[in-house]
Amino acid sequence: MPRPSVREQLIEAAMECFHERGFNGTGIQDIARTAGIPKGSVYNHFENKEALAGEVMDRYAASRRLEMLRDETLAPVPRLRAHFEYLAADLERFSYGRGCMFGNFGAELSNQTDTMRSKVDTRLSAWADAVTQVLEEARAAGALMTPLSPAQLGQFLVDGWEGAVLRAKVTRSRAPLDGFFGVFDSLVVQ
């Protein structure tokens, strides 16, 4: 089995460190130590910590599996619920202590760096757009209960999810996610 590249090791280590301790709580030395490489090697692959964080954000976005939302083998509403259940299971793996990197970076960095603020906003907007597309399918199939437009509901669901995830992180409990699913079920016909 080929050895992972140093760049890949750094991205994986940074993802782990940033998710556990945040951007400001993680130093380049922490990332290098976690990756098992010399600190100077980080700068051979990334201009700075922010550039590395940008790569981590891209990798994290891919792990959110937005492609699930395009899987037309499932009806729109069960597909959308399955997506959020997938995200809930991922949070549970870490006892709800890590939260969502989009929300974490958004809260921590939005007043510090326009680049990261923009990157988080772009990722959240793309996610809301993907959710909205599924809701448009649900509306066309007669499976939406709410008078809200798919765009309004899509944005609300993403924003509501991020709030529930933050609360789950604080309480170290699934209860806020269950609250989210309760509202989800009241707005969308199963």
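How many nonpolar, polar and charged residues does the lining of the largest cavity have? By class, that lining has nine nonpolar, one polar and two charged residues.

**The chain as a whole**

What you're looking at is a predicted model. Its pLDDT averages 92 over the chain, and 97% of the residues score at least 70. Confidence is lowest in helix 3 (residues 39-45), with a mean of 88, while helix 8 (residues 150-171) has the highest, at 96. Taken along the principal axes, the C-alpha atoms fill a box of roughly 60 × 35 × 35 Å.

**Empty space**

Rolling a probe the size of a water molecule over the atoms shows where empty space is left. Searching the whole structure this way turns up one cavity of 30 Å³ or more.

Around the cavity you'll find Tyr60, Arg64, Leu66, His83, Leu87, Leu91, Cys100, Phe102, Trp127, Trp161, Glu162 and Val165. Helix 5 and helix 8 each supply at least two residues of this lining.

The pocket is lined by Glu12, Met15, Glu16, His19, Tyr60, Ser63, Arg64, Tyr86, Asp90, Arg93, Phe94 and Arg98. Helix 1 (6-21), helix 4 and helix 5 (76-93) each give at least two of the lining residues, and the largest share, four residues, comes from helix 1. Tyr60 and Arg64 turn up in the lining of the pocket and also in that of the cavity.

Here are the two spaces side by side:

**Helix 4 against helix 7**

How do helix 4 and helix 7 lie, roughly parallel or roughly antiparallel? Helix 4 (residues 49-63) packs with helix 7 (residues 114-140) at an angle of about 5°, and their axes are 10 Å apart. Angles under 35 degrees count as roughly parallel, and the two helices are therefore roughly parallel to each other.

On the helix 4 side, the contact involves Glu50, Ala53, Gly54, Met57, Asp58 and Ala61; these meet Thr115, Met116, Lys119, Val120 and Arg123 from helix 7. Sorted by class, the residues of this contact come to five nonpolar, two polar and four charged.

Notes: Residues numbered from 1 in each chain as written. Predicted model: local features only at pLDDT ≥ 70, side-chain atom pairs only at ≥ 80, totals over all residues. Heavy atoms only, no water. Axes fitted to C-alpha atoms, helices over the stretch in contact; angles between N-to-C directions. Parallel < 35°, antiparallel > 145°, perpendicular 65-115°, else oblique. Contact = heavy atoms within 4.5 Å. Nonpolar A, V, L, I, M, F, W, Y, C, P; charged D, E, K, R; others polar. pLDDT = per-residue confidence, 0-100. 1 Å grid on protein atoms, 1.4 Å probe; cavity = no way out; pocket = protein on both sides within 12 Å on 5 of 7 lines; lining within 4 Å. Points joined across faces, edges and corners; volume = space filled by probe spheres on them.
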